[in-house]
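Please look over the sequence and the model below before reading on.

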Amino acid sequence: MGKEIITSKDLHLYYGKKEALKGIDLSINQGEITAMIGPSGCGKSTYLRCLNRMNDLIPDVTITGSVVYKGKDIYGPKTDTVDLRKEIGMVFQQPNPFPFSIYENIIYGLKLKGETDKQVFDQVVEESLKAASVWEDVKDKLHQSALSLSGGQQQRVCIARVLAVNPEIILLDEPTSALDPISSGKIENTLLELKEKYTMIMVTHNMSQASRISDKTAFFLNGDLIEFNDTKEIFLNPSKKETEDYISGRFG
Ligand SMILES: Nc1ncnc2c1ncn2[C@@H]1O[C@H](COP(=O)(O)OP(=O)(O)OP(=O)(O)O)[C@@H](O)[C@H]1O
Ligand SMILES: [Mg+2]
């Protein structure tokens, strides 16, 4: 049994009057990869965004219940959401590098923190790009626009940008669905390497990807968490009929 790092209790989220999360109780262990699966519109992205308060940015959202991270409710009044999003970083479906150089992308968060030392920048740029397995691709063009890279390289630069601020948890919302199989495979390998140091929670529609790289799998349906267990159990021996139907491709 791992140690839990982030836990939601009776988490409800409403977009206006529409209830998109219907009381989610879920505990994520440190150092594990947790996959979130389920049909389109079941609330996976919504849930993921609750974990670093990205839903705060959407108007007319109401959230009840709690998300406890390192012993504190992140929805409590003392949370600094900018700091929170450094500790709990996010990678999106579409690679979204900023429209400036690779180097500037990576040091962006450090600059916001007030860092000015060029030696620190150089070191973090190299370490982060290496950790995201994209250093060899970009080391000779660090000052070129990140937008000049391929989609897969851009996505790995986005992962490196998250790593540069030293997060605890990385949220990934379908990080490979916009990429070709080779680039996807590279990202999967990168995530497996990062598992030593980070906790990752990843939404995916790709069942074989979930079974290849995750330790735990959470199956969502219509705003409910239907089943959460070791990935092996979910895929080989699901306890709920809905889970079995979904993973065997009978719906969604
Ligand atoms: N910004 C928003 N405003 C209003 N409703 C929203 C918003 N974002 C999501 N929803 C609704 O909340 C529900 C859950 O959406 P969510 O994006 O979390 O699903 P998902 O499981 O990530 O789907 P997909 O697999 O297609 O990405 C859907 O019914 C969706 O229409
Ligand atoms: Mg989604």
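A polar contact is a pair of N or O atoms within 3.5 Å; within protein, one of the two must be able to donate a hydrogen and the other to accept it, and residues adjacent in sequence count only if both atoms are side-chain atoms. The model is a predicted one, in which local features need pLDDT of at least 70 and side-chain atom pairs count only at pLDDT 80 or more, while totals for chains, interfaces and linings use all residues. Residues are numbered from 1 along each chain as its sequence is written, chains are lettered from A and ligands numbered from 1 in the order in which they are written, and side-chain values use heavy atoms, with hydrogens and water left out.

The ligand site comes first. Ligand 1 is surrounded by 15 residues, the closest being S40, G41, K44, T46 and H205; a residue is near the ligand if one of its heavy atoms lies within 4 Å of it. In the side chain of Y15, an N or O atom is 3.5 Å from a nitrogen atom of ligand 1. On its own, ligand 1 has 630 Å² of accessible area, of which the protein covers 65% (Shrake-Rupley method, 1.4 Å probe).

Helices (H or I, at least four residues) and strands (E, at least two) are DSSP runs, numbered from the N terminus. The largest share of the shell, four residues, comes from α1. By class, the shell holds five nonpolar, six polar and four charged residues (Ala, Val, Leu, Ile, Met, Phe, Trp, Tyr, Cys and Pro are nonpolar; Asp, Glu, Lys and Arg are charged; the others, Gly among them, are polar).

How many disulfides are there in the whole structure? The search finds zero, a disulfide being a pair of cysteine sulfur atoms within 2.5 Å. For C50, the nearest cysteine sulfur is that of C42, 13 Å away. C50 counts as buried because its relative accessibility is 0%, buried meaning under 20% relative accessible area (1.4 Å probe, protein chains only). C158 is buried too, at 3%.

N105 lies in helix α3 (residues 102-112). The residue is buried, with a relative accessible area of 0%. A polar atom of the N105 side chain lies 2.8 Å from the backbone nitrogen of F98. Beyond neighbours within four places in sequence, N105 is in contact with P97, F98, F100, A146, V157 and R161 (heavy atoms within 4.5 Å).

Notes: Buried < 20%, exposed > 50% of the residue type's maximum accessible area, 1.4 Å probe, protein only.
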